[in-house]
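Here is a short briefing to read alongside the model. Have the sequence and the 3D view open as you go through the points.

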Amino acid sequence: MKLLFVHQNMPGQYRELIQWLAAQGEHEIVFLTQRLKPPVFAGVRTVQYKSHHKAADDAYGLSRTWENATGNGFGAAMALREIVAGGFQPDIVIGHVGWGEMTFFREVLPDTPMIGFFEYYYSVHGGPVGFDPASPPSDHSPFLMQGHNAVPLVNIEVVDLGHSPTMWQRNRFPTSFHDKMYVCHDGIRTDKLLPNKKAKVNLSRIGRPLTVKDEIVTFMARNLETTRGYHQFMRAMPHLQKARPNARVLVIGGNDASYGGKSKHPGGLRGQMEAEVGHLLDWDRLHFLGQVPYQDYQNIIQISSCHLYLSMPFVRSWSLLESMSMGATVVASDVAPVREAITHGETGLLVDFFDPEAIAVQIADVLARPRDFAHIGPAARDHVVKTYDFHTVCLPEHIRQINALVSSGAQIRMP
């Protein structure tokens, strides 16, 4: 089969799928991306495109997202035209619709089957906007949110089939979308993301490796920001350190903001929280590691006594399911997208996002009574294996959906 993948930041959600397809040695794969230095995958040809237009700094706020999307879409369509002119006629196009890249693809490939990844539908209800009473939405927020939705509203008509990774994400879209969408996670490599009681982590200011014998609390986010609950995590730390004087806390994440607004503090959100609670903390037991290599991240989770995932209701992080796959005892915010993966007391522990002291109490309880919570990590892993495993659950479903759209002669052989 000839497959064209499209994602502004290659590989995005298609990391495992394109590598599996390429490894079969039976398919021709082209990946269209805006990323300037994308990763190299054997058997995958990468083509870069440039946005044809970007909205000016003073562009009208309600149409800014759409203006940028049309610039991306036209740039991607011109690149697609060159790909087709060069002799590559895809049997199917699979791509993320969120940045508008597929908006004009029907003008180039009117009859080619297309599957679009629909990640998020904006609203002032049920998501991070309006979730925190301390940051209420403005009078203009509903209009701005709907302005963002112009992109998926157009692209649902471009694609033959939509795809969302969770029911929570699908259900945010209008019900008129639902019959045209399937739900399946990208897939977790549970065969690689395993518990490892022999894992070790070396930190420069500690004279010995940390292991599972240490009392380790972990917190991870791509960036330390409010959407992923960093501020609530920091507010919980004084309570936790007081209750557990031997606990060490390892924090993974950058200092930017991936979602939502940035802190107005000169030092960013980290500086803001240090000013708020820094005088209450034992900094010798709080370790900020930045963004670490993937293997180091695995080792850190594998030695964790308790892993903290504090997210507002938003797109669920891969790290939550990855941590569960590695057998972590997870304490997570009690919000709808998390509840789709965690049953309280069985596969994890759910806490009130807005109650830092209760968060600390739950973590301290896990650390104080490890035997009483020993069932959670194995149950979490078992749930991820049964529900989200890439090879046995997600890959077959993605292939089934692809094969249903292409001619019989071009279908992918099922694993």
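How much space lies in the second largest pocket? The answer is about 510 Å³, in what is a predicted model. The points below start with that pocket and then turn to a strand and a helix.

**The second largest pocket**
- Its lining is made up of 22 residues, and Lys197, Ser304, Ser305, Gly327 and Thr329 are the ones nearest the pocket's centre.
- Three helices, α9 (294-302), α12 (356-368) and α13 (376-388), each supply at least two residues of this lining.
- Helix α13 gives the most, with three residues.
- By type, the lining residues of this pocket divide into twelve nonpolar, seven polar and three charged.

**Strand β5 and its partners**
- Strand β5 (residues 114-117) is covered on both faces: Met114 and Gly116 are buried on one side, and Ile115 and Phe117 are buried on the other.
- In a regular strand, side chains alternate between the two faces of the sheet.
- Strand β4 (residues 92-96) runs parallel to β5 and is joined to it by four bridges; here Ile94 stands opposite Ile115.
- Strand β6 (residues 161-164) also pairs with β5 in the parallel sense, over three bridges, and Gly162 of β6 stands opposite Gly116.

**Helix α3**
- Ser141, Met145 and Gly147 are buried in helix α3 (residues 141-148).
- Viewed down the axis of α3, these buried residues fall within an arc of 155°, so they line one face of the helix.
- Helix α4 (150-155) is included in what covers the buried residues of α3.

Terms used
Residues are numbered from 1 along each chain as its sequence is written. This is a predicted model: local features need pLDDT of at least 70, side-chain atom pairs count only at pLDDT 80 or more; totals for chains, interfaces and linings use all residues. Side-chain values use heavy atoms; hydrogens and water are left out. Buried means under 20% relative accessible area, exposed over 50%, partly exposed in between (1.4 Å probe, protein chains only). The arc is that of the directions from the helix axis to the C-beta atoms. Contact means heavy atoms within 4.5 Å. Two strands pair if DSSP finds at least two bridges between them. On a 1 Å grid over the protein atoms alone, a cavity is a set of points where a 1.4 Å probe fits but cannot get out, and a pocket is an open set with protein on both sides within 12 Å along at least five of seven lines; lining residues have an atom within 4 Å of a point. Grid points are joined across faces, edges and corners, and a volume is the space filled by probe spheres set on the points. Ala, Val, Leu, Ile, Met, Phe, Trp, Tyr, Cys and Pro count as nonpolar, Asp, Glu, Lys and Arg as charged, and the others, Gly among them, as polar.
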